[in-house]
Amino acid sequence: MKRTPSQKAPAGTMKRVLLALKPYRLLILCSVLCSAATVALTLYIPVLVGRAIDRILGPDAVDFRGVGTLLLEIGVLAGLTALVQWLVSVINNRVCFRVVRDIRDRAFGHLQRLPLSWLDRQSVGGLVSQIITDVDQFADGLLLGFTQLFTGLVTILGTLGFMLSIKPLIAGIVIVLTPLSFVVARFIASHTHSYFLEQSKIRGRQTAYVDELLGSQKVVKAFCREERSLADFDEINRRLEKSSLKAIFYSSLTNPCTRFVNSVVYAAVVLTGALLCVSTAGSAGAFTVGSLSALLAYANQYTKPFNEISGVVTEFQNALACAGRIFELMDQPTESPDPIKTPAGDGSPVPPSTGERPHFCHSERSEESVPFASAEGSWEKREGLATAADADCHDRSADRSRNDRIGTPAPNIRGEVCLDSVSFSYDKENPLIENLSFTARPGQRIAIVGPTGCGKTTLINLLMRFYDVDGGAIRVDGRDIREMTRSQLRAGYGMVLQETWLRSGTIRENLTLGKPDATDAQVEAACRAAHAHSFIRLLPQGYDTVIGEDGGMLSQGQKQLLCIARVMLCLPPMLILDEATSSIDTRTELKIQNAFAKMMRGRTSFIVAHRLSTIREADVILVMKEGRVIEIGNHESLLEQGGFYSKLYNSQFAL
Amino acid sequence: MSELFSHLKAYRKECVLGPLLKLAEAALELFVPMIVASVIDRGIGLGDRGYILRMSLVLVALGLLGLIFSVTAQYFSARAAVGFVTRLRHALYAHIQGFPYATLDRIGIPTLITRMSSDMNQVQTGLNLTLRLLLRSPFVVFGAMIMAFTIDSTAALWFVAAIPLLALVVFGVMLLTMPMYRGVQEQLDRVLGTTRENLNGVRVLRAFRKEAAEQQRFEEQNRLLTALQQRVGRVSALMNPVTYVIVNLAVVALIRTGALRVNAGLLTQGAVVALYNYMSQILVELIKLANLIINVTKSLACAKRIQSVLEIQDREQITEGLPGGDPALRVELDRVSLRYPGAAGDALESVSLRAEAGQLIGVIGGTGSGKSSLVNLIPRFYEATEGRVLVDGVDVRGMDPRVLRRKIAVVPQKATLFQGSIRENLLWGEEEASDELLTRAVQAAQAEEVVAAKGGLEGEIEQFGRNLSGGQRQRLTIARALVRQPEILILDDSSSALDFATDAALRKALGQLPQRPTIFLVSQRTTAVRGADQILVLEEGRVAGQGTHEELLESCPVYREIHQSQFRKEAAQ
C-alpha cells in the first residue's frame with residue numbers, strides 16, 4: 001500500500017461509509033422524515049406561543065378562552081414532538097450501531113481470510129486497536145453526524161422559507177454570507193485531518209507497545225525493567241500528547257470561527273435591515289421594526305445549525321480517519337481463493353460461482369493477481385453490504401457444514417504427501433528452502449531433524465498451506481494442494497505445535513475445539529490417552545475449569561498435554577507434531593508413547609523433535625540443514641553413514 | 001475518584017480559566033439583544049445612520065472578542081484534557097508496573113490494555129467537553145431564572161418548579177445509564193479479547209478450520225455489544241424529549257399565569273414575552289447539555305474502570321525484622337509451601353533446599369510437578385504461603401524486590417523477546433553492558449549464528465520475536481540472562497527447543513562462566529542435570545528425592561524411572 005492515506009482517505013472513505021449505510025436506507029429515510037416533523041413542530045410551537053401572547057393585550061383585555069385552546073394545543077404538540085424526537089434518536093442509534101457492527105463483523109471476517117504471510121508481519125495490538133478503538137471512534141462520529149446533520153439541514157430549509165417570505169433582499173445577504181462558515185469549517189477540517197491521522201497512528205503505536213510490554217509484564221518485572229518500560233511508554237505518551245493536543249485544539253477552532261462568521265452575518269442583517277427601515281420609513285412598502293426583529297430571530301435560527309454541522313464536520317473528520325484505517329485493513333488482499341469446484345467425495349455445499357474455476361498455474365498465482373482480491377478491495381467490488389452479506393451467508397453456511405464434520409477424517413485422503421522440487425522463502429533476499437523433494441507414503445512416520453532455523457517449522461507452514469510455495473508443488477494423494485480447498489487439506493491434518501495456544505474458556509471447550517460434538521466419554525478417553533485426565537481431575541472444577549487465554553495456572557507441559565488430547569479427539573489421517581512433547585517430562589511422554597503410537601498407526605505423520613528417542617522410531621528421517629535435506633534414511637542407515645545425523649545423535653551422550 | 005482527579009491539579013489554571021472564558025463568551029452574547037434594542041430605539045427611531053453603522057461594528061467587535069475568548073478557552077480545555085489523560089496514562093502504567101505476578105494473573109492483561117487505551121480516550125473526550133460546556137449550562141439556566149425574578153417573582157416561581165424537575169430528569173438519566181455504559185465497556189472488553197485471542201491463535205484455529213466458527217463467535221459477542229449499546233441509547237435518548245415536554249409545560253403554565261396577571265394589570269405584554277424568551281433559552285441550553293451528559297456519563301463509567309485498577313494496592317511488601325539464615329548459603333528454602341489463589345491444592349508442599357554459591361542445582365520432575373513454581377519463589381515472583389525463602393541469608397520478604405532481582409537472572413519457559421535490535425534486547429540484562437560482554441554472553445548461549453543470521457547485534461527483532469524460530473528465541477533469552485552476570489541464574493526448562501548438540505554445548509559453556517553463579521537448572525532430562533551438585537526431584541509438589549545423580553539413581557525410584565524413560569533404549573544400543 002503505497003498510497004498516502006492523508007490525501008486519498010476522505011473521499012474514498014466517505015463513499016464506502018455511504019455504501020455501508022445502504023442496507024439501512026429505509027430506516028434512514030424514516031429518521032429524515034421524523035426529523036423534518038420534529039423541526040416543523042419545534043418551529044411551529046413558538047408561533048402558537050406568539051399567537052397566545054397576542055391574545056394577552058393588557059388589563060381586562062385577555063382572551064382567556066383563546067389562550068386556553070392555544071395552550072392546550074401547545075401541550076399536545078409538545079408531547080407529540082417529544083415522542084417523535086425520541087423515535088428519531090432510537091432509529092439513529094439503531095442505524096449507527098448496526099452499521100458499526102456490520103463493519104466490525106466484516107473486518108473480523110476479513111481477518112479470517114487474510115494470509116498468514118501478512119498477519120505474521122502485523123502487531124496484534126495494532127490490529128486490535130483498528131477493530132476496537134478505531135471502529136468505536138467511528139461510531140461516535142457517525143452517531144453525532146446522524147443526530148445533528150438532518151435536523152440541522154431541515155432547520156436551515158425551514159427558516160430559509162420564512163426569511164424569503166419576509167424580505168428576499170436580506171434573506172439573500174444571509175444566504176450569500178452564511179456559507180462562509182462552511183468555507184472556514186472546511187479549511188480547518190482539511191488542515192486538521194492530517195493531525196487526526198497522526199494521532200490515530202501514534203495511538204496505534206502506543207496500543208501496540210502496551211500490548212507487547214504489558215503482555216510480557218512478568219518478563220519486565222523479572223529484569224527490573226519497570227522504570228525503563230515506563231520511560232519508553234512515556235516517550236510515546238508524550239508524542240501522543242503533542243499530537244492529540246494539536247488535533248483536538250485545531251479541530252475545536254471550527255466552532256468559534258463559524259460562530260464569528262455568524263455574528264458578522266447578524267451584524268450585516270442589523271445594518272442593512274436598520275438602514276432599510278430608515279430609508280423606507282413612511283413609504284407604502286415600509287420595512288417595519290417587527291419584520292426586522294422576526295428576520296433577526298430567523299437569521300439566528302438559520303445560522304445555528306451551521307455551527308452544529310461544522311462541529312459535526314470535525315467530529316466526522318476524526319471518524320473518517322478511523323474508518324480509513326479500518327478500510328485499509330479490509331483492503332489487504334485475502335488469501336488466494338479456494339478452487340470453486342470441489343471434487344467428488346467432499347460433498348460440501350459450494351458457494352455460487354461467478355466464473356470459471358481459476359486454474360492456478362504457476363505464474364498466475366502471486367497474491368497480487370488473485371481475483372476478488374485486488375487492491376481496490378473486495379468490499380467495493382461486492383456492491384455494498386446487502387449483496388455482500390448474502391454472499392457471506394452462503395460462504396458461512398458452507399463453512400459451517402464443513403466444520404460440523406470435523407472429527408470424521410476426510411475419507412478420501414490416504415495420506416500420500418509428495419514435495420516436488422519445492423522452494424520457498426519469507427523474503428526475496430534470503431532463500432530458505434530450495435528445490436526440496438521427497439515423498440511420504442501413506443502411514444509413514446517422517447521425522448524431521450536438524451539444527452534450529454534449518455527450516456523445520458517452515459516446512460510445516462507449507463504442508464498446512466499457511467504459506468504457499470514459491471516454486472514446485474506439494475501434492476497430497478497426487479493432487480496439488482492448491483487445487484484443494486484449504487479446509488479439505490487441513491481437515492486431513494492434526495497438528496500439535498510447540499507453542500501451545502489455548503483459548504479462554506473451559507478445559508472442555510478447548511478439548512473439543514476440533515470436534516464440538518464429542519461426548520463426555522470421548523473427551524475423557526482422549527484425555528486418559530494423553531495422560532491429561534489425572535491433572536484435569538484435580539483442577540477446581542475439573543473439565544469445566546475456566547482457563548485464561550495464556551492457560552492460567554497450567555504449566556507449559558500440561559498445556560501441551562491438552563493440545564495433544566485435542567488432536568487425539570479428532571484423529572485425522574495425517575499428523576504434524578512440531579516439538580509436540582518438548583515440555584512434557586519423559587516419564588509422562590513414555591506413558592503416552594503407546595497412545596501416540598496407536599494414533600500414528602496408519603497415519604502419515606510428520607514429527608519435528610529433538611528427542612532422539614522419538615526420532616529413532618521413524619520410518620524416514622529427513623536431516624535438514626539450511627533449508628536443504630542433507631541426509632535421508634532411517635535411524636540405522638543414517639548412523640552407518642556417520643554423517644551429520646550420527647554426530648547429532650552421539651552428542652546426546654556428550655555430558 | 002478523588003485519586004484519579006488529583007492528576008488534574010497540575011492543570012488547575014487551565015481548568016479554571018477555560019470555563020471562565022467560556023462564561024465570558026456567553027455573557028458577551030447577552031449584550032447582543034441590548035445593542036439590537038438600542039439600534040431599534042435610537043438608530044431607526046431617530047434615523048441616525050451613523051449610529052446604526054457604529055453599532056453594527058460594535059456587534060462585529062463583540063463577535064471578535066468572543067472568538068478570542070473561546071479560542072483561548074478551547075486551548076485551555078484541550079490542554080487540560082490531553083495533559084490530564086497523558087498523566088493518567090502514565091500513572092496507570094506506572095501503577096501496573098508495581099503489581100506482583102499474582103495480581104497480574106488475577107486481573108488479566110487484556111482488560112488492562114483496554115483500560116490503557118479506549119477508556120483513556122473516552123475520559124479525554126469527556127473532560128474536554130466538560131471544561132468547555134458544563135459550567136455554561138447551569139450559568140445560563142440559573143441566569144435565566146434570576147432574570148425572571150427581576151421581571152415578576154410570581155411568574156418566576158414556575159422557573160423554580162421547572163428547574164429541579166429538569167435536574168431530576170438529567171441526573172436520573174445519568175444515574176440510570178452510568179452502569180449501563182459500564183456494561184457496554186465490559187462487553188467491548190470481551191469483543192477485544194475475542195479479537196486478540198483469534199489473532200494469537202491463528203495457526204491452531206486455521207488448522208482446525210475454525211474460521212467460520214470464530215466468525216460466529218465474534219459476531220455473537222459483537223451482537224451482544226450492539227444490543228447493549230442500543231439499550232443504553234434508548235434510555236439516554238429520553239433526556240431530550242422529556243426535558244422538552246417539561247419546558248413546554250412550564251411555558252404553558254407561565255403564559256397562563258401571565259394571562260391572569262396581565263388581566264389584573266400586574267404585568268405587561270412585553271414582560272410575558274421576556275419571560276417566555278428566558279424559558280426558551282433554558283431549553284436551548286438543555287439540548288446542548290443532554291448531548292454533553294451522555295458523553296460525561298460514558299466518561300465517568302470509563303474513569304471508574306481506570307480508578308478501580310488504580311485502587312488495587314497489591315504491592316510487594318517489605319517486612320522488616322524477619323529472622324535471617326545462614327549467610328554462607330546463596331539460596332535456602334525452608335519448608336516452603338505454595339498455593340496459588342483460587343487453586344484447589346498446593347503447588348508446592350514443604351520443600352526444603354540449601355544451595356551454596358557456585359553450585360549447580362538441578363530441578364527435575366514431571367509435568368506440573370511444581371518445578372517452575374519452585375524457582376519462581378526465589379526472585380519472589382510469587383510468595384510462599386508457608387515457610388521461608390532466603391537469599392544470601394536474608395528472607396526475600398525483607399528485601400527490596402528490585403535489589404533481590406538484580407542478583408538474579410531468569411530465563412523463562414516462554415521465550416519472549418521485544419521489538420527492537422538484538423542489542424537492545426540483550427541490554428535488558430544489564431543496561432551498561434559492554435559489547436565485549438554481549439559477545440561473550442551470545443557465545444556462551446550458543447547464539448552466535450542467530451545473531452549472525454540477523455546481521456549482527458543491530459539486527460532487528462520483531463514484536464514478540466516473531467521473526468525468530470523457537471530455538472533462536474530461546475538462545476537469545478539465555479544470552480540476555482547471561483549479560484546480567486548474575487549471582488543466581490535460573491533456567492526454567494529453557495532449552496526445550498534446542499537440539500541435543502546445541503544443548504550440550506550450552507551446558508558446557510554455563511559450567512565455565514567466569515563469575516560462577518549458582519545455577520538452578522529446571523529440566524525434564526536427566527542428561528541435563530546429571531552433572532549437578534544437587535538434584536531436587538519433585539513429584540506433585542513434594543520432594544521425591546534429593547542428592548547427586550548417582551545417589552538418586554540408587555535411592556529415588558522416581559528419578560530412576562525418569563532416567564530410564566530417556567535412556568533405556570539408547571543404553572541398549
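Predicted model: local features only at pLDDT ≥ 70, side-chain atom pairs only at ≥ 80, totals over all residues.

Reader: Which word describes how α7(B) is set against α8(B): parallel or antiparallel?

Author: Angles over 145 degrees count as roughly antiparallel. The α7(B) and α8(B) axes make an angle of about 160°. So α7(B) is, relative to α8(B), roughly antiparallel.

Reader: Which residues of α8(B) meet α7(B)?

Author: The α7(B) side consists of V141(B), M145(B), A148(B) and F149(B). Facing them in α8(B) are S153(B), A155(B), A156(B), F159(B) and I163(B).

Reader: Is A161(B) buried, exposed or partly exposed, and which is its helix?

Author: A161(B) has 14 C-beta neighbours inside 10 Å. Buried needs 20 or more and exposed needs 12 or fewer, so A161(B) counts as partly exposed. Its place is in helix α8 of chain B.

Reader: How many Å apart in space are A161(B) and A250(B)?

Author: In sequence, A161(B) and A250(B) are 89 residues apart. In space, C-alpha to C-alpha, the separation is 8.4 Å.

Reader: How do α5(B) and α8(B) lie to each other: parallel, antiparallel, perpendicular or oblique?

Author: The axes of helix α5 (residues 109-116) of chain B and helix α8 (residues 153-200) of chain B come within 10 Å and cross at roughly 120°. The crossing is right-handed. P110(B), T111(B) and T114(B) of α5(B) make the contact with α8(B) residues, including L188(B) and R196(B). The two helices, α5(B) and α8(B), are therefore oblique.

Reader: What is the hand of the crossing of α6(B) and α12(B)?

Author: Helix α6 (residues 118-134) of chain B packs on helix α12 (residues 269-310) of chain B at about 140°, with the axes 8 Å apart. That angle makes α6(B) oblique to α12(B). Among the residues that meet are L127(B) in α6(B) and L292(B) in α12(B). The crossing is left-handed.

Reader: What is the bridge partner of L333(B) in β4(B)?

Author: Strand β1 (residues 329-338) of chain B pairs with strand β4 (residues 386-391) of chain B over five bridges. Their sense is antiparallel. In β4(B), the partner of L333(B) is V389(B).

Reader: By how many degrees are neighbouring strands of the six-stranded sheet turned against each other on average?

Author: This open sheet has mixed pairing and the order β6-β9-β10-β3-β11-β12 (chain B). Its edge strands, β6 (408-411) and β12 (542-547) of chain B, each pair on one side only.

Reader: Which helix lies across β6 and β9 of chain B?

Author: β6(B) and strand β9 (residues 488-492) of chain B run parallel and are joined by four bridges. One bridge partner in β9(B) is L491(B), for V411(B). The helix across these strands runs at about 180° to β6(B). It is α18 (residues 470-483) of chain B.

Reader: Is R209(B) buried or exposed?

Author: R209(B) is found in the loop between α9 (202-207) and α10 (211-236) of chain B. Its phi is positive, about 55°, although it is not a glycine. With 23 C-beta neighbours inside 10 Å, R209(B) counts as buried.

Reader: What is the phi of C224(A)?

Author: C224(A) is in the loop between α8 (217-222) and α9 (226-252) of chain A. C224(A) is partly exposed, with 18 other C-beta atoms within 10 Å. Most residues other than glycine have a negative phi. C224(A) is not a glycine, yet its phi is positive, at about 55°.

Reader: How far apart are the centres of domain 1 and domain 2 of chain A?

Author: Chain A is divided into domain 1 (17-331) and domain 2 (417-653). Taken over C-alpha atoms, their centres lie apart by 56 Å.

Methods: Residues numbered from 1 in each chain as written. Chains lettered and ligands numbered in written order. Pairing = 2+ DSSP bridges. Axes fitted to C-alpha atoms, helices over the stretch in contact; angles between N-to-C directions. Parallel < 35°, antiparallel > 145°, perpendicular 65-115°, else oblique. Left-handed = near helix turned anticlockwise from the far one by under 90°. Contact = placed C-beta atoms within 7 Å. Domains from an automatic or database assignment.
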